Amino acid sequence: MSYLVGHHNCKLDAKGRVLVPSEFKEQLGSEAEEGFILRPGLHAHCLELYTKKDWYEVQDQLRAKFSQFNVNEEAVMRKYNSGARFVKLDGSGRLQIPKDLIEKGSLVKDIVITAVTTKMEIWDKDLYEQSINELDDEVFFKLLSENIK
């Protein structure tokens with residue numbers, strides 16, 4: 001899996017396009033040219049952006065753990081994949097975000113693209129800052145100390 005590093009303030013243009021920061025494109029290398037999977041955020045009011053490789057790894061995990069022959073497990077897979085879209089960078093290095101996903105992510109103009117282990121997240125800037133501030137410092141440090149040795 002790819003582990004990206006970075007956090008960038010960006011602008012969403014009137015047509016729903018955002019210029020992907022060159023730092024991310026450099027880190028992704030040829031993976032950037034293969035396109036991405038963009039989906040509504042699972043735990044947060046944002047959008048998740050996966051490389052194709054990382055998306056397929058998640059799909060492999062779903063396939064290994066859930067059966068299409070179990071009604072509830074199939075519903076989990078369906079719901080997880082709901083809203084996912086394949087997107088590519090245009091010739092100028094911009095990503096076109098579909099209108100329905102712009103609405104689901106409440107993206108306006110000022111946005112943040114941030115790396116989170118195996119994916120990137122695209123946030124409305126105000127919602128991102130709100131989310132970061134929601135996690136109390138004491139809880140943050142406690143979780144880190146309990147889980148990272």
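**Exercise 1.** How many nonpolar, polar and charged residues does the lining of the largest pocket have, by class?

*Solution.* The model is predicted, so local features need pLDDT of at least 70 and side-chain atom pairs pLDDT 80 or more, while totals for chains, interfaces and linings use all residues. Residues are numbered from 1 along each chain as its sequence is written, and side-chain values use heavy atoms, without hydrogens and water.

Step 1. A pocket is an open set of points on a 1 Å grid over the protein atoms alone, where a 1.4 Å probe fits, with protein on both sides within 12 Å along at least five of seven lines; lining residues have an atom within 4 Å of a point. The lining consists of Ser-131, Ile-132, Leu-135, Asp-137, Phe-140, Leu-143, Leu-144 and Asn-147.

Step 2. Sorting by class gives 5 nonpolar, 2 polar and 1 charged residues.

Step 3. Helix 6 (125-134) and helix 7 (137-147) each supply at least two lining residues; helix 7 gives the most, with 5.

**Exercise 2.** Determine whether Glu-48 is buried or exposed, and list its polar partners.

*Solution.* Step 1. Glu-48 is found in strand 4 (residues 47-51).

Step 1. Its relative accessibility is 4%. Buried means under 20% relative accessible area and exposed over 50%, with a 1.4 Å probe and protein chains only, so Glu-48 counts as buried.

Step 2. A polar atom of the Glu-48 side chain lies 2.9 Å from the backbone nitrogen of Leu-42.

Technical notes. Helices (H or I, at least four residues) and strands (E, at least two) are DSSP runs, numbered from the N terminus. Ala, Val, Leu, Ile, Met, Phe, Trp, Tyr, Cys and Pro count as nonpolar, Asp, Glu, Lys and Arg as charged, and the others, Gly among them, as polar. A polar contact is a pair of N or O atoms within 3.5 Å; within protein, one must be able to donate a hydrogen and the other to accept it, and residues adjacent in sequence count only if both atoms are side-chain atoms.
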